[in-house]
Structures are given as structure tokens and as C-alpha cells.
Amino acid sequence: MNQTQGYYCHPQNRWKGIGPYYAMFPTNFADEVIRKYTDIGEYIIDPFAGRGTSLFSAAVNDRISIGVELNPVGWIYSKAKLNPAKKDMVINRLKVIGKLAKDCDRKIKDLPEFFHICFDKEILKFISCARANLNWRRSRVDQTIAAIILVYLHGKLGASLSNQLRQTKSMAPQYAIKWWKDNKLKPISIDPLDFLIERINWRYDKGIPELTRSYSYLGDSRIVLNRLLKDNFGKNISGKIKLLLTSPPYCGVTNYHYDQWLRLWLLGFPYVEESSFAASKNRYSNRKFYRKLLLRVFELSSKWLSRDAIIYVRTDAREFTFKTTKEILRKTFPQKSLLTIRRPINKPSQTALFGDFEQKKGEIDIILR
């Protein structure tokens with residue numbers, strides 16, 4: 001048995017990586033921080049939970065986690081790996097969608113050109129049917145299916161359902177169309193049901209990991225955390241959380257509307273017109289908005305924490321994002337001492353995959369205790 005095979009013998013290692021995501025939180029980093037700063041049975045909170053890496057690390061390590069994520073794609077990833085549905089229920093539901101997809105010709109007829117070059121006809125019928133029928137907000141089975149489809153929706157030709165694309169980030173439609181045509185690339189022709197069932201069998205082959213309780217919420221942290229504080233759950237947990245572990249969005253960096261538009265389309269969101277890309281890309285470039293966002297989220301998060309809680313925030317090393325985050329953390333937690341650890345980037349970053357070769361300053365960990 002080689003090292004890779006040995007790694008995937010453990011069910012947690014087959015589930016924790018669910019969800020290709022731009023600027024992902026490293027799982028080994030989350031494990032290290034959680035083990036260092038909390039004990040078994042204690043609570044952690046992540047108000048910018050992404051694909052749920054910190055929540056999963058907490059659950060694997062016998063801690064209890066609370067997380068909030070604004071991006072439905074990231075939230076579905078976290079729900080699927082924290083509480084996957086039974087395998088037979090997932091496959092049976094997938095087969096139902098496969099049968100429904102046979103009559104989905106009309107659903108794909110008027111789709112923009114992008115979809116017809118990105119996906120083979122049978123695959124496009126299948127994912128269009130899944131888009132129309134999956135109740136991913138409420139059904140545990142459908143959340144699991146949605147997560148599996150989202151993982152393989154686009155990526156390397158032959159290893160995903162799409163024509164050749166990057167896996168972590170959706171490309172702009174017209175850019176992708178031109179690139180496919182210039183390189184004479186066509187979408188792969190495969191049975192989507194067989195393709196997905198094979199990968200579901202692999203995911204479940206070693207079972208599902210044993211996890212402690214976790215609470216993952218979809219929405220804006222400024223709204224969700226405030227609402228939870230007023231109900232019985234929040235009243236019982238408030239003042240008991242031992243670790244805040246998070247990485248907020250970086251100011252001026254592309255956000256999920258831009259990075260994940262194709263996966264959001266699968267979840268029922270509208271097709272993104274080319275003209276909307278620029279506005280979406282710049283959402284966190286408004287410095288006033290960014291400052292208010294961080295201040296409100298950290299103020300609300302502070303109400304959940306115990307007096308001796310640790311605050312561990314990974315942020316961008318660029319001047320504005322770092323200084324703003326540091327300033328707000330000092331203001332929110334004035335009684336705590338602050339330590340910073342620089343994490344320089346010593347290898348090509350994810351942004352280099354998309355033509356951005358500017359030298360990156362890396363990241364900085366801010367720790368308050």
C-alpha cells in the first residue's frame with residue numbers, strides 16, 4: 001500500500017476535502033490550531049466558514065463547532081461532509097434524477113452557448129434536471145448529492161463533467177468559449193449517472209467519519225449570529241466558546257459571485273451575464289463597507305466567547321486588509337494581547353493559475369489571547 005492509499009483508508013480523509021474552493025483553508029492548519037487552543041468537548045466558532053474546514057476539523061477532534069457561511073456552494077460542502085446522507089438513499093435519489101433527465105430536452109434548448117460547449121447534451125440534461133429538482137436547502141440527501149455534483153461540475157477534461165476548465169474557479173463565459181474554440185476542445189461524452197455513482201462509491205467506501213455535533217448556518221453572519229443570540233440555542237452557548245478561528249474575505253479580492261458563478265447556477269441562481277462580472281469582482285473593494293463588515297461580525301462573535309477565549313484570524317498580508325483587521329480586532333478585544341505570525345507564500349499561488357503573476361505578500365495570522 002502506497003502513502004496515498006494509506007491516507008484514504010481513513011473515512012475523514014475521504015470527506016474532509018469535499019469542495020474545490022478558491023483560497024481554501026488548509027485542513028492540517030485548522031487541526032493544529034484547534035488541538036493547540038481547545039480541549040475535547042469545547043466549542044469553536046467560525047463566522048466566515050467557507051467550505052467548513054474549521055467546522056470539520058473541530059468535529060473530527062471531538063470539539064463542537066458553530067459556523068456561518070454566506071456562499072451557498074461553501075455551505076453545501078460543509079453540510080455534506082459534516083452530516084452526509086446514507087449512501088443507498090443518495091444513489092436512489094440520483095437515479096430518480098437520471099430518469100427525469102431523459103425528458104429535459106426543453107430545459108436545455110434555450111440555454112446560452114456557453115453551456116452547449118461546456119457540457120455534452122446528456123450531461124447538460126442531467127445537471128439541468130438536478131438544478132430544477134434538488135431541494136438542497138432542506139433535504140440532507142439532496143445536500144449530499146448537490147455537493148458531489150458541485151465537486152465534479154467542472155474541472156479537468158475526463159475527470160469532471162465539463163469541457164476543460166479549472167476546478168476551483170469558474171471562468172468568464174466568453175473567455176472560456178473562445179479558448180475552447182481556439183484549442184478545438186469538445187465536452188466529454190459520458191453517462192453522468194455512472195460517472196457520479198462511481199465517485200459516490202469511492203467516497204463512501206471506508207464509511208463516514210465519526211463526528212461530534214456541528215452547527216452550520218447559511219447566511220450573512222451579521223444577521224445569523226444576531227438572530228441566534230436571541231433564541232434558546234444562543235442563550236445556552238453564549239459566553240462558552242473557547243476559540244474563534246476564521247479567515248475573513250480579503251479586501252479587493254474576487255468573491256464567490258465571481259469565482260463560483262457556474263456552481264451557483266447549478267443551485268438555481270441565474271446565469272451570470274458577462275457585463276456583471278466586473279461589478280461582482282469588486283464587491284469587497286469598498287474599504288468603508290469592508291471595515292463595517294469586519295467590525296460588526298467580530299463584535300457579534302465576541303458575545304459568544306468565554307472570557308479566556310482565543311481569537312485566531314488568518315488574513316491577507318497586504319497593507320490595508322492586514323491593518324484594518326488588526327485595528328478592528330484590537331478595538332473589539334481590548335483586554336487581550338495580540339501576536340502576529342507572517343506566512344509568506346513560497347510557491348505559486350492559486351491566482352497564478354488565472355494569469356495573475358504579481359508577487360504575493362502571503363498571509364498573516366493574528367492571535368489574541
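Author: Start with Y215. Leaving aside neighbours within four places in sequence, Y215 is in contact with L55, I64, S65, I66, G67 and F233. Keep in mind that this is a predicted model.

Reader: Where is Y215 found?
Author: Y215 is in strand 3, which covers residues 214–218.

Reader: How exposed is Y215?
Author: Y215 is partly exposed. The relative accessible area of Y215 is 22%.

Reader: And how far is Y215 from S78, going by C-alpha atoms?
Author: The separation is 9.8 Å. Along the chain, Y215 and S78 are 137 residues apart.

Reader: New topic: rings. How many aromatic pairs are there?
Author: The count comes to 16 aromatic pairs. Take Y152 and F195 as one case: their ring centres are 5.8 Å apart and their planes are at 85°, so this pair is edge-to-face.

Reader: Why does 85° make it edge-to-face?
Author: Because the cut-off for edge-to-face is over 60 degrees between the planes, and Y152 and F195 are at 85°.

Reader: Which helices hold Y152 and F195?
Author: Y152 is in helix 10, residues 140–152. F195 is in helix 12, residues 192–204.

Reader: Is Y152 buried or exposed?
Author: Y152 counts as buried, at 13% relative accessibility. F195 is buried too, with a relative accessible area of 7%.

Reader: What lies over the face of Y152?
Author: R199 does, at 5.6 Å from the ring centre. Elsewhere, R287 lies over the face of F320, at 4.2 Å from that ring centre.

Reader: Which residues do ring pairs link into a cluster?
Author: F114, F115, W180, W261, W265 and Y271.

Reader: Back to helix 12. At what angle does helix 9 pack with it?
Author: The angle is about 65°, and the axes are 9 Å apart. Helix 9 covers residues 121–133.

Note on methods:
Residues are numbered from 1 along each chain as its sequence is written. This is a predicted model: local features need pLDDT of at least 70, side-chain atom pairs count only at pLDDT 80 or more; totals for chains, interfaces and linings use all residues. Side-chain values use heavy atoms; hydrogens and water are left out. Rings of Phe, Tyr and Trp (its six-membered ring) pair if their centres lie within 6.5 Å; planes under 30 degrees apart count as stacked, over 60 as edge-to-face and the rest as tilted. Helices (H or I, at least four residues) and strands (E, at least two) are DSSP runs, numbered from the N terminus. Buried means under 20% relative accessible area, exposed over 50%, partly exposed in between (1.4 Å probe, protein chains only). A charge sits over a ring if NZ of Lys or CZ of Arg is within 6 Å of the ring centre and within 35 degrees of the ring normal. Axes are lines fitted to C-alpha atoms, for helices over the stretch in contact, and angles run from 0 to 180 degrees between N-to-C directions. Contact means heavy atoms within 4.5 Å.
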